[in-house]
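Please look over the model below. My notes follow as numbered points, with cut-offs stated where a term comes up.

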Amino acid sequence: MSRQRKVALVGNPNAGKSALFNALTGARQKIANYPGVTVERKSGRLVLPTGEPVEMTDLPGAYSLDATSPDEEVTAKVIAGQFTGEAAPDVLVVVLDASNLEQHLVFAQEVLALGKPTVVALNMVDLAERDGLVIDPAVLQEELGVRVVSTVAVRRRGLVELAEAIASAETRHPGPGLTALGATERRVAAHAMADAAILSESKRHRLHARLDKVLLHPWFGFLIMMAVFFVMFQAVFAWATPFADALDAGASWLHDSVKAALPPGLLRGLLTDGVISGVGAVIVFLPQIVILFAFILALEASGYMARAAFLMDRMMSFVGLSGRSFIPLLSSFACAIPGIMATRSITDPKDRLTTILIAPMMTCSARLPVYAVIIGAFIPNTAVGGGVHLQGLVLFALYVAGIVGAMVVALVLRSTVTKGAASGFIMELPKYQLPRLKDMALGLWQRAWIFLRRAGGIIFTVTVVLWVLLNFPQAKPGESQVDASIAGHIANGLAVVVEPIGFNRDMALALIPAMAAREVAVSSLATTYAVDAGDDEDKQAVELGDRLKGRWTLPMALAFLAWFVFAPQCMSTIAVTRRETNGWKWPAFMLAYLFGLAYIAAGATYWIAVSAGL
Ligand SMILES: Nc1nc2c(ncn2[C@@H]2O[C@H](COP(=O)(O)OP(=O)(O)OP(=O)(O)O)[C@@H](O)[C@H]2O)c(=O)[nH]1
Ligand SMILES: [Mg+2]
């Protein structure tokens with residue numbers, strides 16, 4: 001043999017490659033960088049039981065050899081011997097996490113298909129045993145066609161056997177069956193292999209496996225997922241009512257008290273019509289926000305959300321998106337800003353751009369107050385049978401409309417502006433567990449606090465500015481204050497543009513400050529109608545919903561809802577998009593296409609509703 005043979009450790013992230021590497025090579029390590037990338041190259045010396053010294057390399061974790069991240073790229077290039085001055089490894093050691101066998105076998109098959117001399121280290125058998133899993137390495141060995149050695153890297157178990165297996169690894173000719181497999185077939189094969197190799201499972205493990213069979217079933221799983229989310233939206237209305245009513249009563253009481261305590265004038269108007277009516281109109285939605293997030297947090301903590309992601313994966317790849325987009329899109333349901341920032345984990349630039357561009361269509365929590373106030377005012381709270389209420393159904397439909405819109409746009413973008421191939425996605429499914437009350441409480445408190453801070457910050461500020469613009473110049477006697485005001489005049493200009501889609505002047509007026517944040521639409525309407533009502537109608541604080549009912553028709557209300565499904569009314573989202581895409585080109589594109597969609601959707605809704613005689 002002319003030169004020292006090279007052995008490389010490969011496997012999914014967290015399989016225990018580095019732990020095995022450290023255990024095998026001890027202190028004899030060299031750490032450097034791969035040329036041109038900032039990925040660490042760790043190599044060390046190992047003397048095999050035959051006395052032969054070999055150079056061992058620890059590679060970054062990978063899910064696939066079709067590199068999608070810089071780490072994976074290094075792994076794929078090292079295995080293929082594509083780094084200059086670095087020969088390809090002679091023997092590969094595939095490291096598997098035994099407690100996550102099925103998942104890890106997917107990548108293992110891809111490595112085995114290369115036909116190189118390979119050994120499998122079935123690592124973390126201690127964890128598998130703890131979970132009540134007994135795995136037969138002989139079965140795996142039979143299935144994979146290479147030596148399989150059980151190891152516990154952190155306790156140095158199985159190291160000698162592994163070294164022996166490395167010494168005797170031979171070149172193989174993988175059957176054509178293995179090389180021709182695609183990602184989906186590998187998953188199916190991994191499932192069958194894991195099934196065969198796992199001899200016994202604890203009760204809990206069996207229960208979890210059974211749960212997964214149902215919850216991840218392509219049809220049942222999907223139906224269950226829809227049902228779960230459906231119940232969530234029903235609850236948002238059904239459970240929140242008593243709390244929202246109490247908050248409403250509190251706001252009315254405050255309104256009346258301030259009004260009784262102060263003489264008529266600008267200060268009283270600012271406090272009652274501006275601050276209390278405007279900001280109060282948004283704050284009453286706190287219970288709904290809390291209920292929505294209670295569901296989301298519980299679903300995440302229980303491990304169900306990852307299953308939902310898994311189910312969505314097929315749909316995502318159908319529209320040309322990678323499953324890696326799922327998490328950013330999911331967090332966009334809270335707010336598009338963290339969602340867009342989370343796209344940094346998507347390594348394909350076109351995948352990432354597509355995800356950024358559609359993230360604002362996921363229904364963020366700022367839309368909830370807008371949806372809830374309109375639905376509360378215009379959609380009767382009737383049961384449509386089977387305990388399902390119409391209000392929750394409409395809310396569910398609005399969320400679905402956003403998702404469907406996003407998927408359609410993704411499909412269009414991926415075949416035009418961001419053309420490219422979709423990459424596969426594999427994610428670890430966390431174990432099922434009961435959510436911990438303390439974590440839930442903390443998470444809910446954080447969400448509630450974010451909501452209240454927005455109400456006290458941007459919504460308060462914009463509402464006060466709007467109130468000023470609504471009150472100056474003062475109307476002459478007999479003239480409507482809103483007509484006379486600066487805000488009224490500005491709104492008249494926009495009203496011309498939105499008239500064809502059924503919007504009146506007041507709706508146009510609400511859209512302008514709502515550019516700052518969507519909830520402001522609610523506080524603007526509340527303030528505008530409070531100012532408009534003047535002192536006569538205002539014997540007592542009248543609910544915004546009642547005021548809307550008196551001034552809008554049902555088709556107008558529906559058009560307004562449709563508008564908010566798409567309209568990019570959030571300054572911060574635009575700013576984040578600019579930052580994440582390094583320029584104005586993409587935020588401008590996003591604004592243009594989303595406003596275009598909003599206009600079309602609102603117009604279509606309005607005219608269909610009108611012609612249906614609603
Ligand atoms: N209980 C147990 N823990 C292990 C075993 N092997 C590794 N670990 C632990 O698992 C974790 C992940 O191990 P690493 O060696 O860092 O995994 P890796 O494959 O190098 O991960 P990446 O470098 O991210 O791809 C560490 O906390 C290890 O201590 C094992 O056999 N049993
Ligand atoms: Mg490592």
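1. A crossing is left-handed if the near helix is turned anticlockwise from the far one by less than a right angle, and right-handed if clockwise. Helices (H or I, at least four residues) and strands (E, at least two) are DSSP runs, numbered from the N terminus. On that basis, H18 passes H26 in a left-handed crossing.

2. This is a predicted model, in which local features need pLDDT of at least 70, side-chain atom pairs count only at pLDDT 80 or more, and totals for chains, interfaces and linings use all residues. Residues are numbered from 1 along each chain as its sequence is written, while chains are lettered from A and ligands numbered from 1 in the order in which they are written.

3. The protein has 28 helices and nine strands. Of its 614 residues, 42% are buried (20 or more other C-beta atoms within 10 Å of the residue's own, C-beta atoms being placed from the backbone). Take contacts between residues at least 6 apart in sequence: 73% join residues at least 24 apart. A contact means C-beta atoms, placed from the backbone, within 7 Å.

4. Back to H18 (residues 367-378) and H26 (residues 554-566). Their axes come within 10 Å and cross at roughly 165 degrees. Therefore H18 is roughly antiparallel to H26 (over 145 degrees; under 35 counts as roughly parallel). Axes are lines fitted to C-alpha atoms, for helices over the stretch in contact, and angles run from 0 to 180 degrees between N-to-C directions. H18 brings Arg367, Val370, Tyr371, Ile374 and Phe378 to the contact, and H26 brings Leu554, Ala557, Phe560, Leu561 and Phe564. By class, that is nine nonpolar, no polar and one charged. Ala, Val, Leu, Ile, Met, Phe, Trp, Tyr, Cys and Pro count as nonpolar, Asp, Glu, Lys and Arg as charged, and the others, Gly among them, as polar.

5. H20 (residues 437-471) packs on H24 (residues 520-533) at about 30 degrees, with axes 10 Å apart. So H20 is roughly parallel to H24. The crossing of H20 past H24 is right-handed. Residues of H20 in the contact include Ile459, Leu466 and Trp467; those of H24 include Val520, Thr527 and Val531. The contact of H20 with H24 divides into seven nonpolar, six polar and no charged residues.

6. What surrounds ligand 1? There are 17 residues, the closest being Gly16, Lys17, Ser18, Ala19 and Gly61 (C-beta atom, placed from the backbone, within 6 Å). Helices H1 (17-25) and H4 (125-130) each supply at least two residues of this shell. H1 gives the most, with three. The shell divides into nine nonpolar, six polar and two charged residues.

Methods: Angles under 35 degrees count as roughly parallel, over 145 as roughly antiparallel, 65 to 115 as roughly perpendicular and the rest as oblique. Two residues are in contact if their C-beta atoms, placed from the backbone, lie within 7 Å. A residue is buried if 20 or more other C-beta atoms lie within 10 Å of its own, exposed if 12 or fewer, and partly exposed in between; C-beta atoms are placed from the backbone.
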